[in-house]
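I opened my notebook to get to know a new structure. Here is what I looked up, entry by entry.

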Amino acid sequence: MNPTCPLCQSKSTLFCDKPKHLFYKCDTCEGIFRPKHTFLTAEEEKLHYEKHNNDVFDKRYQAFVSPIVEAILHDFSPDTQGLDFGSGTGPVIAKMLTDKGFQVQNYDLFFANEPSLLDEKYNYVSCCEVMEHFHQPYKEFELLKSLLLPKGKLYCKTEIFNNQKPFENWYYKDDFTHVFIYQPKTLEWIKSEFSFSNLIVKEKLIVFEN
């Protein structure tokens with residue numbers, strides 16, 4: 001029996017069956033996901049992230065996260081409160097925003113695990129190249145929504161699969177920590193299910209408005 005979708009709990013169809021890459025696609029929200037038995041262990045996942053060369057002073061890394069940073073600078077003022085969810089080994093978003101006088105906290109399951117930060121409310125939450133790693137995407141989006149103040153915004157960045165090439169040839173699936181891939185319909189499902197007032201998608205930048 002095919003696994004149920006970890007986002008919407010609907011039935012799924014086999015989507016990609018390769019020696020190293022097994023994916024199913026949800027029949028309802030169209031999320032594309034690896035089955036749980038293929039996940040890396042927590043130790044293996046942490047080791048994988050530690051190999052990332054995320055230097056906060058690296059101009060290429062700053063350019064990589066700049067769509068989120070520029071959107072926050074445009075939408076909010078320095079007196080607001082923000083959280084970088086999944087800040088990783090190099091919290092570059094927080095550095096770039098604090099350099100502009102903004103107040104940003106960092107949370108990361110492996111590298112900045114301060115659960116008390118998840119009891120607070122924020123004007124904005126950034127989530128850069130994180131949502132594709134969610135083992136339990138429903139639970140994670142439920143949490144992210146709960147972190148937002150009224151009129152708050154959730155800024156995400158990930159690669160969206162939109163049939164730009166055959167999935168089996170798409171590089172983004174090759175990272176074993178990428179366990180849940182989003183399609184346009186998946187994002188619309190999230191907007192509806194969690195009662196976001198608006199969804200804006202500009203290439204890799206995804207903004208959910210509370």
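I count two strands as paired if DSSP finds at least two bridges between them. Strands (E, at least two residues) and helices (H or I, at least four) are DSSP runs, numbered from the N terminus.

A note on the source: I am reading a predicted model, where local features need pLDDT of at least 70 and side-chain atom pairs count only at pLDDT 80 or more, while totals for chains, interfaces and linings use all residues. Residues are numbered from 1 along each chain as its sequence is written, and side-chain values use heavy atoms, with hydrogens and water left out.

**Entry: strand β6**

I began with the partners of β6. Strand β4 (residues 81–85) pairs with β6 in the parallel sense over three bridges, and Asp-84 stands opposite Ser-126 in β6. Strand β7 (residues 148–157) also runs parallel to β6, joined to it by six bridges; there Tyr-124 has Lys-153 in β7 as its bridge partner.

Is β6 buried or exposed? I use buried for under 20% relative accessible area, exposed for over 50% and partly exposed for in between (1.4 Å probe, protein chains only). Seven of the seven residues of β6 (residues 122–128) are buried, so the strand is largely enclosed by the rest of the structure.

I also found that β6, α4 and β7 make a right-handed β-α-β unit. Right-handed means that, with the strands pointing away from the viewer, the path from the first strand over the helix to the second runs clockwise.

**Entry: the open sheet**

Next I followed an open sheet of four strands, antiparallel in its pairing, in the order β1-β2-β3-β8. β1 (12–17) and β8 (180–181) are at the edges with a single partner strand each, so one side of each has no neighbour in the sheet. Inside this sheet I saw β2 (residues 22–26) and β3 (residues 32–33) pair in the antiparallel sense over two bridges, with Lys-25 opposite Ile-32 in β3.

**Entry: rings**

Rings of Phe, Tyr and Trp (its six-membered ring) pair if their centres lie within 6.5 Å; planes under 30 degrees apart are stacked, over 60 edge-to-face and the rest tilted. That gives 24 aromatic pairs. One of them is Phe-110 with Phe-111, tilted, at 6.2 Å centre to centre and 55° between the planes. Tyr-138 and Trp-189 have ring centres 6.3 Å apart and planes at 65°, so I noted this pair as edge-to-face. Tyr-138 lies in helix α4 (residues 137–146) and Trp-189 in helix α5 (residues 184–193), so the pair ties together parts 51 residues apart in sequence.
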